[in-house]
Amino acid sequence: MDANELRAKTPDQLREELVKLKKESFNLRFQQATGQLENTAGFRAARRNAARVKTILNEKAATAASEA
């Protein structure tokens with residue numbers, strides 16, 4: 001997931017993406033707890049993607065606040 005792709009999305013789409021990423025992160029934690037997780041790098045990718053989405057949301061909120 002590229003930051004430029006995220007900037008093209010609307011805030012509602014970004015919130016949906018964040019919910020999806022949080023669910024993915026939960027599922028990865030659950031798989032790890034039950035011993036079914038094979039690719040542990042998914043943790044890092046999910047966390048970083050969620051952070052990217054949050055950063056873009058904050059940027060969009062800041063620009064909207066400064067314009068108003």
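Q: Hi! Is glutamate 17 buried or exposed?
A: Glutamate 17 is buried, with a relative accessible area of 10%. Keep in mind that this is a predicted model.

Q: Okay, and why does 10% count as buried?
A: Because buried means under 20% relative accessible area, and glutamate 17 comes out at 10%.

Q: Which lysine forms a salt bridge with glutamate 17, with closest N and O atoms 3.6 Å apart?
A: That is lysine 9. Lysine 9 is partly exposed, at a relative accessible area of 27%.

Q: And what does lysine 20 do with glutamate 17?
A: Their side chains meet in a salt bridge too, at 3.4 Å from N to O. Lysine 20 is partly exposed, with 48% relative accessibility.

Q: How many residues apart are lysine 20 and glutamate 17 in helix 2?
A: Three residues, so they are separated by about one helical turn.

Q: Which residues are linked in a network of salt bridges, then?
A: Lys9, Glu17 and Lys20 are linked in that network.

Q: Why do side chains like these pair up at all?
A: Side chains of opposite charge can pair when their charged atoms come close.

Q: Nice. How many salt bridges are found in the whole structure?
A: A search of the whole structure finds four. One of them joins the side chains of arginine 15 and aspartate 12, at 3.0 Å from N to O.

Q: Where do arginine 15 and aspartate 12 lie?
A: Both are in helix 2, which covers residues 11-34. They are three residues apart, about one turn of the helix.

Q: Is aspartate 12 buried or exposed?
A: Aspartate 12 is exposed, with a relative accessible area of 52%.

Q: Staying in helix 2, what about leucine 28: buried or exposed?
A: Leucine 28, which lies in helix 2, is buried, with a relative accessible area of 12%.

Q: How many residues apart in sequence are leucine 28 and leucine 14?
A: They are 14 residues apart in sequence, and their C-alpha atoms are 21 Å apart in space.

Q: Changing topic: which residues form the positive surface patch?
A: The patch is formed by Arg44, Arg47, Arg48 and Arg52.

Q: Where is arginine 52 found?
A: Arginine 52 is in helix 3, which runs over residues 41-67. This arginine is partly exposed, with a relative accessible area of 34%.

Q: What contact does the side chain of arginine 52 make with the side chain of asparagine 49?
A: The two side chains make a polar contact at 2.7 Å. Asparagine 49 also has its place in helix 3.

Q: Is asparagine 49 buried or exposed?
A: Asparagine 49 counts as buried, at 15% relative accessibility. So within this polar contact, asparagine 49 is buried, while arginine 52 is partly exposed.

Q: Last one: where is threonine 55 found?
A: Threonine 55 is in helix 3. At 41% relative accessibility, threonine 55 counts as partly exposed.

Q: What lies 2.8 Å from a polar atom of the threonine 55 side chain?
A: That would be the backbone oxygen of alanine 51.

Q: And how many residues lie between threonine 55 and phenylalanine 26 along the chain, roughly speaking?
A: They are 29 residues apart along the chain, and their C-alpha atoms are separated by 20 Å.

How values were computed. Residues are numbered from 1 along each chain as its sequence is written. This is a predicted model: local features need pLDDT of at least 70, side-chain atom pairs count only at pLDDT 80 or more; totals for chains, interfaces and linings use all residues. Side-chain values use heavy atoms; hydrogens and water are left out. Patches are made of residues with over 30% relative accessible area and no salt bridge: like charges are joined within 9 Å, nonpolar side chains (Val, Leu, Ile, Met, Phe, Trp, Tyr) within 5 Å. Accessible areas come from the Shrake-Rupley method with a 1.4 Å probe; for residues, only the protein chains shown count as cover. Lys and Arg count as positive and Asp and Glu as negative; His and the chain ends are not counted. The place of a charge is taken as NZ of Lys, CZ of Arg, CG of Asp or CD of Glu. Helices (H or I, at least four residues) and strands (E, at least two) are DSSP runs, numbered from the N terminus. Buried means under 20% relative accessible area, exposed over 50%, partly exposed in between (1.4 Å probe, protein chains only). A polar contact is a pair of N or O atoms within 3.5 Å; within protein, one must be able to donate a hydrogen and the other to accept it, and residues adjacent in sequence count only if both atoms are side-chain atoms.
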